[in-house]
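The following note goes through the model point by point, from the overall fold to individual residues. Please read it with the sequence and the coordinates open beside it.

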Amino acid sequence: MSSPFTLPALERNTAPRFVQRIVWTFLVCAMALAVPVFAAEPTLTLAEAQRLAVERSRQITSKDFAVAASRDMAVAAGQLPDPVLKLGIDNLPANGPDRFNLTSDFMTMRRVGVMQELTRADKRRFRSERYEREAEKSLAEKSMTIASIQRDTALAWLDLYYAQAAAKIINEQGMQANLEVQAAEGAYRSGRGNQADIFAARSALAMFDDRSSEIGRLTANARTMLARWIGQAADMPLAARPDANTIRLDPATLDTQLNHHPQIAVLARQEEIAVAEAKLAQANRKSDWNVEVMYSQRGSAYSNMISVGVSVPLQWDQKNRQDRELSAKLAMVEQAKAEREESLRTHIAETRVMIHEWQNDRERLGRYERELIPLANEQTRAAIAAYRGGRTGLPDVLMARRNEIDVRLQALQLETGMARVWAQLNYLFPDDATASHPATDLNRNPK
């Protein structure tokens with residue numbers, strides 16, 4: 001909005017007209033040359049910031065390694081235990097004429113054998129299944145991490161966007177306040193004003209300078225937080241804000257949608273892990289056998305021998321060991337199930353609250369745009385017109401100006417809150433359009 005104080009300031013200018021024309025010509029040419037440069041300058045969209053944040057995230061890489069580790073363990077857990085090589089000497093004389101002689105006594109034997117634990121196939125399958133569920137849990141955690149990164153990046157991008165928008169409003173009003181100081185000083189010199197008007201105008205200018213300093217701090221902090229996610233790209237100018245008037249959630253089917261929320265999916269995978277452990281505990285109620293084959297060599301005058309044996313653990317106190325272990329694992333299944341259901345209820349309630357807040361912010365923002373901001377503008381114009389006509393003083397104009405900027409900043413603050421809630425709602429689930437991540441080389445040397 002053009003200021004009524006611009007004209008008096010120009011009237012006090014004593015520079016020759018041709019100097020003014022030269023200055024204006026220079027400014028026009030400079031602006032004409034600057035337009036292509038600004039037009040060609042790339043801008044940072046919210047989607048691009050999220051893509052960069054996902055690409056450079058080490059959290060996602062860690063989840064890739066967790067998935068690979070669990071799948072490798074699933075293969076290893078499905079195999080039989082390594083066989084045990086057994087070497088020894090039996091019945092070696094310790095004294096007498098045959099002391100430490102390996103061949104003179106018929107009972108002395110050098111033996112070599114192999115023992116193998118025959119783990120039941122269902123146990124090996126359940127152990128493998130348990131690690132497969134771990135891998136699926138890591139995949140769900142990866143999805144949750146991507147959604148979290150996209151949400152936090154969006155919040156940081158929006159904070160910077162609205163901090164810059166607030167700085168623009170403050171700077172515009174600061175320029176107007178500077179012109180008001182000049183007008184008050186000119187009116188005082190011409191005998192139409194008083195010193196109180198000058199002090200009031202300078203006080204208003206100082207307040208705008210203080211607000212500008214505060215907004216500068218907020219802008220720097222917001223840029224720092226955005227740089228945490230996207231690095232040096234945070235120094236790029238921001239593009240236009242995305243449309244925050246629509247969300248991807250449908251309130252009518254919210255319960256079904258949130259049942260697939262990444263955090264709920266992680267809890268569901270944890271429940272599946274508990275189920276796999278319960279199956280393994282059930283299988284542990286049946287003992288595994290150990291088979292051993294041994295070859296014993298004696299002196300040349302005696303026959304060599306072969307031994308075959310089987311060992312079986314005796315579960316003599318099954319009700320206090322294996323049964324207790326199974327009961328504990330089944331209780332953990334119920335615990336995981338209860339935690340998942342409770343977390344789902346919490347998410348549904350919190351999401352409905354955010355939807356209500358987002359809808360209310362939209363309604364209030366529309367009221368500001370339709371009524372409050374135009375009324376504040378009209379109030380400022382009326383105060384300026386009254387000041388020009390000599391019907392009011394400069395303090396009334398300054399008060400109207402402060403009220404106008406307060407209303408505009410309140411509207412901007414309300415829009416900021418609405419956009420932040422929109423980001424939290426819109427990125428409860430990862431956005432596939434910006435969820436790309438460079439493949440991690442998992443074919444590493446175990447050494």
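1. Contact here means that heavy atoms lie within 4.5 Å. With that cut-off, and counting contacts in the protein with a separation of 6 or more, 83% are accounted for by residues 24 or more positions apart. The model is a predicted one, and the points below should be read with that in mind.

2. As to the overall make-up, the protein has 10 helices and four strands, and along the sequence these elements follow the pattern α-α-α-α-β-β-α-α-α-α-β-β-α-α. Of its 447 residues, 36% count as buried.

3. The largest nonpolar core comprises 72 residues, and those with the most contacts inside it are Trp-157, Leu-226, Ile-230, Trp-422 and Leu-425. At least two residues of this core come from each of H3, helix H5 (121-189), helix H6 (195-230), helix H7 (254-258), helix H9 (322-388) and helix H10 (394-426). As general background, nonpolar side chains tend to be buried together in soluble globular proteins.

4. Which residues does Leu-425 contact, once its neighbours within four places in sequence are left aside? The partners of Leu-425 are Ile-247, Leu-249, Thr-351, Met-354, Ile-355 and Trp-358.

5. The packing of H9 against H10 deserves a separate point. The two helices pack at an angle of about 160°, and their axes are 8 Å apart. Because angles over 145 degrees count as roughly antiparallel, H9 and H10 are described as roughly antiparallel to each other. The crossing in which H9 passes H10 is left-handed.

6. Is Ser-57 buried or exposed? Ser-57 sits in the loop between helix H3 (46-55) and helix H4 (58-77), and it counts as buried because its relative accessibility is 9%, where the limit for buried is under 20%. The side chain of Ser-57 also reaches the backbone nitrogen of Gln-59, at 3.2 Å.

7. Asp-72 lies in helix H4 and, with a relative accessible area of 49%, is partly exposed; I would point out that the class of exposed residues begins over 50%. Between Asp-72 and Ser-128, which are 56 residues apart in sequence, the C-alpha to C-alpha distance is 9.6 Å.

8. The loop between strand E1 (84-90) and strand E2 (109-118) contains Asn-91, and Phe-100 lies in the loop between E1 and E2 as well. Asn-91 has a positive phi of about 60° although it is not a glycine, and for Phe-100, also a residue other than glycine, phi is positive and near 60°. As for accessibility, Asn-91 is partly exposed, with a relative accessible area of 41%, whereas Phe-100 is exposed, with a value of 57%.

9. Where is Asp-432 placed relative to H10? Asp-432 belongs to the segment after H10, and with a relative accessible area of 69% it is exposed. The C-alpha atoms of Asp-432 and Arg-51 are separated by 10.0 Å, although these residues are 381 residues apart along the chain.

Key
Residues are numbered from 1 along each chain as its sequence is written. This is a predicted model: local features need pLDDT of at least 70, side-chain atom pairs count only at pLDDT 80 or more; totals for chains, interfaces and linings use all residues. Side-chain values use heavy atoms; hydrogens and water are left out. Buried means under 20% relative accessible area, exposed over 50%, partly exposed in between (1.4 Å probe, protein chains only). A polar contact is a pair of N or O atoms within 3.5 Å; within protein, one must be able to donate a hydrogen and the other to accept it, and residues adjacent in sequence count only if both atoms are side-chain atoms. A nonpolar core is a set of buried Ala, Val, Leu, Ile, Met, Phe, Trp, Tyr and Cys residues joined through side-chain atoms within 4.5 Å. Axes are lines fitted to C-alpha atoms, for helices over the stretch in contact, and angles run from 0 to 180 degrees between N-to-C directions. Angles under 35 degrees count as roughly parallel, over 145 as roughly antiparallel, 65 to 115 as roughly perpendicular and the rest as oblique. A crossing is left-handed if the near helix is turned anticlockwise from the far one by less than a right angle, and right-handed if clockwise.
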